[in-house]
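Subject: Structure handover

Hello,

Please find the structure below. My notes on it follow.

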Amino acid sequence: MARTESDRCPGVLAVHQAADGGLARVRVPGGLLSVTQLEVLRLASAELGDGRLELTSRGNLQIRALRPDGPRELSDRLFAAGLLPSLEHERVRNILASPLSGLDGRYDVLPVAQALDQALCARPELAALPGRFLFAVDDGRGDLTQVGADVLLQAVDDSEALLCIGALSARVTWENAVDALLAAAAAFLQVRDAQEWRIAEVADGAQRIFERLGLRPGSEQPVVGLPVTAGAHGSALAVTVPLGSLTQEQAVTLTEHAAWIRVTPWRSVVIPTVGVEPLTAVGLVTTAESPWNAVTACAGRPGCAKALADVRADARRMLPRLPRDGRRVHWSGCERRCGKPVGDFVDVLAVGNGYLVDGEPREKW
Ligand code: SF4
């Protein structure tokens, strides 16, 4: 696919003007936030935006409804909090790490993700990466295999990891892993013909990139695992944030009870093990049985001008009546289906006079 324009993924400096005001996306490489950084974000959301922190499907955070002078003030605050280490690279620091890595006995890849972030920001030419280009560093459990990363690094053992691009892969040593990830990103910029945003859009992109890396790819496939589920995991607790929309009260509770949080790409956070009562009292979800674990929604009205319904309000209202057949349920305000899950899901689509559920009308909703 030959695109003719660069991507318009929002950042903190390049704020998207949505129907409800400015929308800023804050990259959180590896998902890790100190409690101090979370507090900075919470206050910024309260004082400059609509008071909520949105968790995205790439493990980032968004602040909506920024007032007109909000972006400048927000960038100053985030810079002071260490959340904007490179102004040039702020939109390209899209790095996921397995959220439970190092917390339940597996190889700890968070230091690899952090080293990748630092090395990425030290390479001026990589600031030209599209804002949609995604790195994923998986600790071997396979939870990030299906997040749609352009370049996936998956732990094999203490000495090697599998570098995966599309259907091709090659083993690299941990010593060379960060260099290999950056070289793959640099090669993507060289092999793309126009303004392609993703490696999958480039003809024979994976093969051409491996050739530039001097690696002979094979067909060894990465392990496929499941996303983190709400509940206890080793020394950590996974907490689902309903619809990925963290309220002020919920954010305050997290800052009071956790020393750090890791943002996952599944609208949840991982925190050190704590008692669950304060969390559930403010509507956070700490068990895998809750239907909230399987429900997502796009922004909808009033945040998005294209939306045909307030899908978030409708999702909350309809939660007890949603189909529960094991599939995730995604509510969309229009056919773009922003934020839809990877793989099979129940498709709830606003059409103006009601909803289509998997293509069938549900006007009574
Ligand atoms: S799916 Fe449509 S309505 Fe929902 S956020 Fe995307 S563009 Fe807006």
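In this predicted model, 11 residues of domain 1 are in contact with 10 residues of domain 2, contact being heavy atoms within 4.5 Å. About 850 Å² is buried between domain 1 and domain 2, and carbon and sulfur atoms give 71% of that area. Buried area here is the accessible area (1.4 Å probe) that two parts lose on being put together, summed over both. On the side of domain 1, Pro 99, Leu 100 and Leu 103 lose the most area to domain 2, together 63% of what that side buries.

Between these two domains there are 0 salt bridges (a side-chain nitrogen of Lys or Arg within 4 Å of a carboxyl oxygen of Asp or Glu). The side of domain 1 that touches domain 2 has 7 nonpolar, 2 polar and 2 charged residues. For these classes, Ala, Val, Leu, Ile, Met, Phe, Trp, Tyr, Cys and Pro count as nonpolar, Asp, Glu, Lys and Arg as charged, and the others, Gly among them, as polar.

The C-alpha centres of domain 1 and domain 2 are 27 Å apart. The chain is divided into domain 1 (95-198 + 208-213), domain 2 (231-290) and domain 3 (293-362), with bounds from an automatic or database domain assignment.

Residues are numbered from 1 along each chain as its sequence is written, and side-chain values use heavy atoms, with hydrogens and water left out. The model being predicted, local features need pLDDT of at least 70 and side-chain atom pairs count only at pLDDT 80 or more, while totals for chains, interfaces and linings use all residues.

Regards
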